[in-house]
Amino acid sequence: MFNPYTDNFTDVAYIFAHAGSREVEGRRVYAVAAAANRPGGEKSVFTSLIAYPGLTAREHAASGITSNMMADAPGPAVVSRRLRAFLGDKPFFLALDIHGVMDELMALSGIGRAVDLGFSAEFFFPHLSAAGLKTLWEHVASRERDRISFTLEEGIALSVDLARTIASQCMSDAHTGYAPALRHFLKKSDTLFGDLWRHLHRNFQACFGGRFTPSRASDTAGWRLFLEKADKEERKSGKGYPFPIIPAEHLDGIYRALAASGRGFRYRAEQAAYAGHVASAFNDAAVLTIEAGTGTGKTLGYLLPAMEYLRLNPGERIVVSTYTKSLQEQIFHNEVAFIRQSLPAYHDIRIVLLKGKSSYICIEKLDSLYDEALVGERLLAWLYCLITAFSFRRADIGTTGEAVRRCFDADHSFSRMLKEISAGSGCPPGHTRCPAQVVTAQALAADLVITNHHKLALLDRDPLLAGCFNNYIIDEANHFEPAVRNAFAQIVHSRDIKAVLDDLESRIHDLFEKGSGGCEASLVRNMADFTSLREAAEGLRSALIAADPGSLQGTVHTLPATHPAVAGGDLRSRIETLSAAIDAAARNLDWLKDDDACRRLSLQRRTRKRLENQLERLVEGAGTLKAIREAVVSENNITVYRIFRKHWSLAAQMVQVGGLIRERIHDRKRCVVYTAATICHRGGFKNFQEIAGMTSAHEGENAVSPREFRFVRIPSPYPEGAMEIIVPPEAVSGKYDNKAAWIDAVARALPCFVRENGGRTLVLFSSYQDLDRILEKAGAALDDPRFPLLVQRPGMATAGLCDEFRAVKESVLLGVDSFWYGVDFKGDTLTQVIITRIPYPPPNDPIQAARKHVMSAGDFWERYRYDTDIKMKQGIGRLIRSETDRGRVVILDSRYRPRRASVSGLVDTPERREKEDRAQPKKDPV
């Protein structure tokens with residue numbers, strides 16, 4: 001679809017297929033449908049099953065097709081003849097290929113060219129990062145769908161409707177402001193893909209029927225005309241001190257009024273009490289840590305006091321941060337929207353969704369990548385980035401769709417492009433048309449900002465937003481420490497250095513060949529600098545290899561400050577050599593700042609800008625290397641590296657960030673609220689206090705006042721008897737030295753518990769390796785036609801799996817880390833959680849290795865147990881998500897000692913835990 005198309009367009013054909021997860025006799029398609037749009041919008045449809053012995057319960061749930069229906073299904077050769085007769089002599093077809101079987105569809109149809117509708121959906125709607133059938137249907141229909149299954153007729157109808165939507169909306173000036181530019185670049189791409197969508201728009205009535213007027217505005221290359229601009233907005237003036245108090249009884253009245261409003265909200269005493277504690281923290285400028293059990297309703301529990309505080313105190317500002325961008329968007333689009341619709345008193349509060357700058361595209365960098373010679377796939381990749389920039393309020397470059405990556409990134413050039421155009425660095429406030437600056441300007445004028453932990457950690461480093469927000473609410477606080485650590489980590493990839501050098505060398509070589517305009521000496525010096533830089537990068541690689549000569553490629557290595565490579569100074573010397581080589585290369589490229597030199601070289605504006613951007617990336621890399629050079633000798637830092645066949649990566653990050661949190665948040669912010677469903681350990685907050693740097697009545701140099709640290713625990717309102725936790729007698733220890741026996745035991749037990757429970761099971765694993773090995777052992781027994789098996793795979797989007805699991809109540813979902821947190825399966829779709837192994841932190845984790853060096857043995861094991869306990873509670877907490885939920889948690893690791901269960905996790909007393917700990921040997925529990 002990325003090659004030119006020279007034939008005339010006639011009627012358009014569509015193909016839709018259901019495909020199995022297993023390949024049988026070299027094929028997977030077991031049902032196919034086709035449609036041909038005749039002139040005037042009339043449509044004829046072909047459907048057929050195809051004999052396929054690999055049909056499972058999951059395929060039945062997706063298509064409604066049963067084994068009985070397949071009994072008389074014709075073979076692929078027969079279906080192919082019928083399909084070819086139906087389609088006739090078509091030059092290409094459109095296919096909604098969500099299963100990755102396009103080659104099989106081409107073989108069935110006898111047509112050698114196709115346009116992938118799944119790719120098209122992600123291309124034109126970049127916020128649809130997981131373009132499953134249900135997601136696409138809901139987007140086209142603008143309403144929710146209560147099932148995931150699609151008949152062949154529904155699938156082919158969706159294919160046509162999706163094409164109709166793209167042609168009538170994305171290509172239309174009346175619906176999409178930048179459509180004139182979109183059409184221009186689609187034409188310029190000189191591809192079947194681009195020409196098809198322009199044809200379907202111009203000939204809409206002939207292709208789809210109905211009344212529609214194609215766009216009349218001229219196509220244009222002037223895409224900048226349609227960009228938003230960062231406008232400076234006026235801030236509200238504040239009343240100043242003293243701040244009006246938020247009465248707890250007033251908040252209680254708001255929650256009761258919402259419950260009486262008929263908007264589906266139910267009053268919960270626990271939520272009102274929670275809100276009262278948050279309000280008191282605002283009233284008294286305190287640091288509050290509040291654990292709220294499942295069902296408390298903590299999001300609205302902190303948003304309403306925050307809104308009330310802002311209403312009473314014009315000019316004050318609050319930031320709410322949460323763990324991930326998806327949770328951030330959920331708060332903004334769901335809870336914030338509900339409050340705005342329900343409570344007119346808060347309509348004037350300005351609320352902005354703010355992601356990290358690396359989520360956005362820098363328009364100036366994107367412009368510098370454009371070249372008039374771009375055509376085909378390369379131009380379409382650039383155009384996709386432009387569409388994403390236009391769609392920045394819903395899409396970002398961190399959630400690029402799977403089909404888009406599959407089509408554009410076979411040679412990794414698309415990944416390099418995304419890095420190069422990121423606004424994460426080199427996108428200053430002067431770039432007023434860049435999405436990052438538009439959103440930042442709006443955040444600067446906002447009263448309430450919704451962001452994520454990573455962005456919050458770096459908020460005061462933003463040149464515009466630094467110091468603007470004095471009140472923080474940190475949701476999912478159990479994830480805050482690693483987010484802070486990652487935000488302040490320093491990392492260098494040799495692949496990035498090489499990509500910059502390749503581009504610089506290529507362009508400077510071209511300048512030299514075309515005529516150096518009297519700059520020969522400078523250009524020759526630049527090329528010599530690049531050679532020295534490559535040698536320095538290779539020298540650092542050699543030093544890293546020498547630090548652990550027998551290691552495997554891709555293995556994560558840890559370098560404590562005491563390592564001979566560090567203590568002897570060789571590694572620091574190699575890092576210094578590389579950073580110095582970058583500095584030298586940057587100094588000798590200073591002619592880029594000389595307008596006369598650039599004019600003599602006939603350097604085009606875009607080329608000059610791109611060279612400047614690449615130079616900035618080099619300089620940034622040198623700064624990072626210098627930071628790593630200093631970090632490697634710090635006891636509170638851990639340095640890690642990885643070696644690949646051609647590349648390496650080197651990173652340094654802090655081990656304990658409590659001091660950093662104390663300095664940048666507790667000492668500087670008026671009010672801070674930490675909240676999560678799981679913070680406590682052994683019934684107390686001592687561990688979290690240490691992790692987050694809370695010291696009693698601390699007053700640092702920049703402290704706003706001596707801190708008051710408050711700690712509150714609100715139990716779940718759900719009944720304690722809703723959950724049963726069991727360790728079956730056949731469970732064995734999941735210790736690493738017992739791995740083979742444990743895998744055999746889990747593989748035997750899993751199918752039995754699934755059958756006994758009638759499916760409806762979430763199985764949690766500690767690693768993909770565990771999942772794969774157990775699935776290999778138990779796969780045949782788990783492949784029960786009554787219980788569709790859903791398996792998480794690395795890198796794949798999980799939204800579709802979650803939809804499938806909710807819709808097919810007898811299904812079984814096997815998941816890894818992301819399913820321990822955040823997923824919400826209410827009702828009888830989930831009545832059993834199986835935890836295969838206690839989630840102790842992996843012993844090869846660099847942070848664990850570093851903690852052993854910087855912490856006492858007692859403190860290390862205390863933290864080790866805390867991390868395990870919190871994750872265990874999170875996994876157990878997946879089961880009971882509403883007051884009517886009931887079920888059991890099965891733990892297939894005999895090391896777990898079950899106690900009385902409640903929906904908020906494990907209920908125990910400090911005394912009992914202390915007694916048990918004294919009985920345990922002080923050694924690695926894994």
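I started at the hairpin: four residues link S13 to S14. (Strands are DSSP E runs of at least two residues, helices H or I runs of at least four, both numbered from the N terminus.) This is a predicted model, where local features need pLDDT of at least 70, side-chain atom pairs count only at pLDDT 80 or more, and totals for chains, interfaces and linings use all residues. Residues are numbered from 1 along each chain as its sequence is written, and side-chain values use heavy atoms, without hydrogens or water.

I looked up the pairing next; two strands count as paired if DSSP finds at least two bridges between them. S13 (residues 637–643) and S14 run antiparallel with seven bridges, and Ile643 has Trp648 in S14 as its bridge partner.

On to S11 (residues 490–493): four bridges join it to S14, again antiparallel. Val492 sits opposite Leu650 of S14.

For S12 and S13, I found three bridges in the antiparallel sense. His557 has Tyr641 in S13 as its bridge partner.

What is the strand order in the open sheet? I read S11-S14-S13-S12, four strands with antiparallel pairing. S11 and S12 (557–559) are at the edges with a single partner strand each, so one side of each has no neighbour in the sheet.

Last, I checked burial (under 20% relative accessible area is buried, over 50% exposed, in between partly exposed; 1.4 Å probe, protein chains only). Six of the seven residues of S14 (residues 648–654) are buried, so this strand is largely enclosed by the rest of the structure.
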